[in-house]
Every structure is written in C-alpha cells, then in structure tokens.
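Please look through the structure shown here. The paragraphs that follow walk through some of its helices and side chains.

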Amino acid sequence: MPKLGMEPIRRQALIDAAIATIGERGSLDVTVSQIARRAGVSSALAHHYFGNKEALIIATMRHLLQELSRGVRQELARASDPRERISAIVRANFAAEQFAPSTVAAWLVFYVLAQESPEARRLWRVYSRRLASNLRHALRALTNDAHAAHIAAGTAALVDGLYIRSALGQSGGDASDEIRIVEDYVDLQLKKAH
C-alpha cells in the first residue's frame with residue numbers, strides 16, 4: 001500500500017518519466033514497465049495509479065496542457081496591449097519547458113493518440129480551441145472578426161507545424177527561430193488586413 005502523501009509525488013514522477021521515455025523513443029512504443037522503472041517505482045504501482053498505458057499517456061497530456069495553460073497565463077499577465085498578448089501566447093507555446101525535445105516528442109505522440117483515443121481527441125480539442133480563442137481575443141482588438149479568425153487559425157497551424165518539424169529534428173532546439181517565424185506571419189497578416 002502506498003504511503004499517505006506519496007501518491008501525488010509518485011504520480012508526478014511517473015508523468016515525468018513518461019515524458020522522458022517517450023522523448024527518447026519518439027513514439028508510443030514504450031511500456032508502463034519502462035516508464036515505471038525510470039520513475040523508480042514498480043510496474044504494479046504504475047498500473048495501480050493509472051490503470052493502463054493510455055491512461056498514463058492521457059494523464060501526461062493533461063499535465064502538459066496544465067503547464068502550457070499556466071505559462072500562457074503568466075505571459076499574458078505581463079502583456080500590456082493586444083499585440084503583446086499575441087506575442088505572449090506565442091512565447092508561452094515555445095517556452096523552454098514546452099519546447100524541450102522530450103516534451104515536443106510527447107506532444108507529437110499526443111497528436112497521434114488523438115486519432116484513435118476519444119479522451120485524447122477531447123483533450124486535443126480543448127487545447128486547440130483554447131489556443132484559437134486566446135489568439136482571436138487579442139486579434140479582435142487589432143482587426144475585424146473574420147481576419148482575426150483567419151490569422152488565429154494560421155498562427156495555431158504554424159505553432160503545431162513547427163512542433164512537428166522540431167519532433168522530426170528540424171529545429172536547433174532554441175525556439176527563437178520558431179517564435180520569429182510565427183511573429184513574422186502575424187505581422188504580415190495584420191498588415192494585409194488593413
């Protein structure tokens with residue numbers, strides 16, 4: 001029986017281990033045993049906490065989404081105008097902890113899992129809608145609703161696409177180039193909208 005108070009620590013250790021293990025493999029070709037071993041717990045305990053591999057991966061994705069949401073809120077708190085809000089959202093999506101190779105690999109696995117798992121698909125939709133909504137909100141102060149929706153969709157597609165490129169090894173690891181690409185796109189689209 002796990003010690004009282006240890007469950008959150010062990011659950012977090014398993015989530016961190018899942019990110020690292022998936023990052024090494026770059027796929028869902030991992031086992032709960034491999035993840036548990038990396039976390040320093042037994043496979044039985046991992047199954048006790050999560051039930052199966054999909055539930056552990058979904059808990060990992062939920063964790064990544066919470067971390068991203070926290071990062072977006074922190075960045076938005078420092079933004080003083082709508083254009084800075086857009087930059088804040090972009091920076092949060094490419095923050096060091098979100099753009100670490102193992103985290104990028106976990107996000108890519110999340111996209112793949114969302115094709116076959118209803119729960120993963122639901123989480124992906126939450127992420128996707130939140131990103132688009134945050135972008136549209138800031139963009140509406142700079143252009144009309146139609147352009148705001150168009151620019152938000154393109155910006156979100158760029159963010160996702162740059163993550164995929166990174167997962168395939170087409171990024172230097174520093175997100176400054178990715179941020180610049182997205183920022184240039186937003187600036188160009190805002191100029192075209194006026």
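Y163 is buried in this predicted model, because its relative accessible area of 5% falls under the 20% cut-off. The residue belongs to one aromatic cluster, formed by F94, F99, W107, F110, Y127 and Y163.

The structure holds six aromatic pairs. In one of them, the ring centres of W107 and Y127 are 5.3 Å apart and the planes stand at 50 degrees, so this pair is tilted. W107 sits in helix α6 (residues 101-113) and Y127 in helix α7 (residues 118-140), so the pair ties together parts that are 20 residues apart in sequence. Both partners are buried: W107 has a relative accessible area of 3%, and Y127 has 5% relative accessibility.

W107 also forms an aromatic pair with Y163, and that pair is edge-to-face, with 6.4 Å from centre to centre and 70 degrees between the planes. Here the partners are in helix α6 and helix α8 (residues 145-167), so the pair ties together parts that are 56 residues apart in sequence.

S87 counts as buried because its relative accessibility is 13%, under the cut-off of 20%. Its side chain makes a polar contact of 2.7 Å with the side chain of E183.

Helix α4 covers residues 53-77, which is 25 residues. From its first C-alpha to its last, α4 reaches 36 Å, close to the 36 Å expected at 1.5 Å a residue. At the start of α4, a side-chain oxygen of N52 comes to within 3.2 Å of the backbone nitrogen of E54.

Technical notes. Residues are numbered from 1 along each chain as its sequence is written. This is a predicted model: local features need pLDDT of at least 70, side-chain atom pairs count only at pLDDT 80 or more; totals for chains, interfaces and linings use all residues. Side-chain values use heavy atoms; hydrogens and water are left out. Helices (H or I, at least four residues) and strands (E, at least two) are DSSP runs, numbered from the N terminus. The expected span of a helix is 1.5 Å times one less than its number of residues. A polar contact is a pair of N or O atoms within 3.5 Å; within protein, one must be able to donate a hydrogen and the other to accept it, and residues adjacent in sequence count only if both atoms are side-chain atoms. Buried means under 20% relative accessible area, exposed over 50%, partly exposed in between (1.4 Å probe, protein chains only). Rings of Phe, Tyr and Trp (its six-membered ring) pair if their centres lie within 6.5 Å; planes under 30 degrees apart count as stacked, over 60 as edge-to-face and the rest as tilted.
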